[in-house]
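Here is a short briefing to read alongside the structure. Take a moment to bring the model up on your screen, and then we can walk through it together.

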Amino acid sequence: DECHKRGMEFHAWINPYRTKTNLNSDLATNHVYNIHPEWFVTYGNQLYFDPALPESRKHICMVITDIVSRYDVDAIHMDDYFYPYPIAGKDFPDDASFARYGGGFTNKADWRRSNVNVLIKKIHETIRELKPWVKFGISPFGIYRNEKTDPLGSKTNGLQNYDDLYADVLLWARQGWIDYNIPQIYWEIGHPAADYITLIQWWNKNATREGTHLYIGQDVARTMKADQLTRKMLYERSLSKVKGNCFWPANEILWNNKGVADSLKRNYHRYPALIPAYTHLHNRAPQEVKKLKTEWTAQGYMLHWQAEQSKTNPELASYFVIYRFENKEPVNLDDPSKIVAVTRETNYLLPYDDGKHKYRYVVTAVDRFHNENQGKSKKVKL
């Protein structure tokens, strides 16, 4: 509710398989592990759902169903934890599962990737059947594959999603099973094993399909320590497929590490940013607002309008964007400096002065997929 009041989306973040990050941790007595311990395996000091089991996938999708059906979330978001990060000299203990479910596979790595693929596809289908406007996003580890392993990989030398975590992120993007992709490109420009520029170029070129959004996962502390915020922000804005950034962790922004919050506020996010439309889900803007007019009220001089809205129809207006232009200034909805408010209300309190200065206000309607119409305009004297 608080996110939506502020024109923000709320993405419910989960890790699919990880149950305990420390074996000494306690679980609730009614936790599924205490009911079906046979669904789980121990690896290192952690406890995991066995990704091979149909029961694991069914339970995870049941949790997704519960979240999406009972809460007004805008997306389900998964982090980079699929099969666990490998422990040197220790294989993931799934020989018994491979013997039982690995028919048709001669290669265990291919079978493990297939297990994750099936889960990702099922989660995609689960969400679509419940609420087609709810997105499904992944923030994978920043390297898909190294070029020395695969000619299509990046010129890097590090752990690989495909080979080490059994996460075929490119397949998920190209099949349309995920709606957005946030690779965790947490390294610096010039890093010897995983150069930021090399990786951002690679993801921009490879990990997209029409409509699927690409955002860049930024490590705030490392970026600010290397004094590279400006170079990173300007470079990625030059790339055609990059839609924005995800800054990790949030508390580095709140702490204003080396002035990062100040710099973002003054330079790169001086004006409101509208969420890019997910046109592969729906690409038609909602109807324009009706009966746009001004009126004196007890609160002051009010601009208000009417629009058809429904929490169960994502194609109708979900929120409104209010732009203000000088009287004879051309209307340009691509200029974010003209945005004065993003609201779910159907009114806006005007900043009245002496009633002598003319302005043109434009109110647009935006649906749950973030398609924005051209809006209705109203001239006022303030």
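Is arginine 70 buried or exposed? Arginine 70 is exposed, because its relative accessible area is 54%, and the cut-off for exposed is over 50%. Please keep in mind throughout that this is a predicted model.

**The overall picture**

- The protein has 382 residues, and buried residues make up 48% of them.
- Its secondary structure comprises 12 helices and 16 strands.

- Arginine 70 belongs to helix α3, which covers residues 54–70.
- Its side chain makes a polar contact of 2.8 Å with the side chain of aspartate 66.
- The side chain of arginine 70 is also joined to that of tyrosine 71, by a polar contact of 3.5 Å.

**Aromatic pairs and a cluster**

- Searching the whole structure turns up 23 aromatic pairs.
- In one of them, tyrosine 43 and phenylalanine 92 have ring centres 5.6 Å apart and planes at 65 degrees, so this pair is edge-to-face.
- This pair links distant parts of the chain: tyrosine 43 is in strand β3 (residues 40–43), while phenylalanine 92 is in the loop between β5 (75–78) and α4 (95–101), 49 residues apart.
- Tyrosine 43 and phenylalanine 92 are both buried.
- Phenylalanine 98 and tryptophan 111 form a tilted aromatic pair, with 4.9 Å from centre to centre and 55 degrees between the planes.
- Phenylalanine 98 lies in helix α4 and tryptophan 111 in helix α5 (residues 108–130), so their pair ties together parts 13 residues apart in sequence.
- Tryptophan 111 counts as buried because its relative accessibility is 1%, and the cut-off for buried is under 20%.
- One aromatic cluster is formed by Tyr17, Tyr43, Tyr48, Tyr83, Phe92 and Tyr166.

**Charges over rings**

- Lysine 232 has its charged end over the ring of tyrosine 196, 4.4 Å from the ring centre.
- Arginine 324 has its charged end over the ring of tyrosine 359, 4.0 Å from the ring centre.

- Rolling a probe the size of a water molecule over the atoms shows where empty space is left.
- How many cavities of 30 Å³ or more does the structure hold? There is one.
- The largest cavity has a volume of about 70 Å³.
- Its lining consists of His4, Gly7, Met8, Glu9, Asp74, Lys135, Ile275, Ser318, Tyr319, Arg344, Arg368 and His370.
- By class, the lining of the largest cavity has three nonpolar, four polar and five charged residues.
- The second largest pocket has a volume of about 290 Å³.
- Of the 13 residues lining the second largest pocket, His4, Asp72, Lys311, Arg344 and Arg368 lie nearest its centre.
- The lining of the second largest pocket divides into two nonpolar, five polar and six charged residues.

Key: Residues numbered from 1 in each chain as written. Predicted model: local features only at pLDDT ≥ 70, side-chain atom pairs only at ≥ 80, totals over all residues. Heavy atoms only, no water. Helix = DSSP H or I, 4+ residues; strand = E, 2+ residues; numbered from the N terminus. Buried < 20%, exposed > 50% of the residue type's maximum accessible area, 1.4 Å probe, protein only. Polar contact = N/O pair within 3.5 Å; in protein donor to acceptor, adjacent residues only side chain to side chain. 1 Å grid on protein atoms, 1.4 Å probe; cavity = no way out; pocket = protein on both sides within 12 Å on 5 of 7 lines; lining within 4 Å. Points joined across faces, edges and corners; volume = space filled by probe spheres on them. Nonpolar A, V, L, I, M, F, W, Y, C, P; charged D, E, K, R; others polar. Phe/Tyr/Trp six-rings, centres within 6.5 Å; stacked < 30°, edge-to-face > 60°. Lys NZ or Arg CZ within 6 Å of the ring centre and 35° of its normal.
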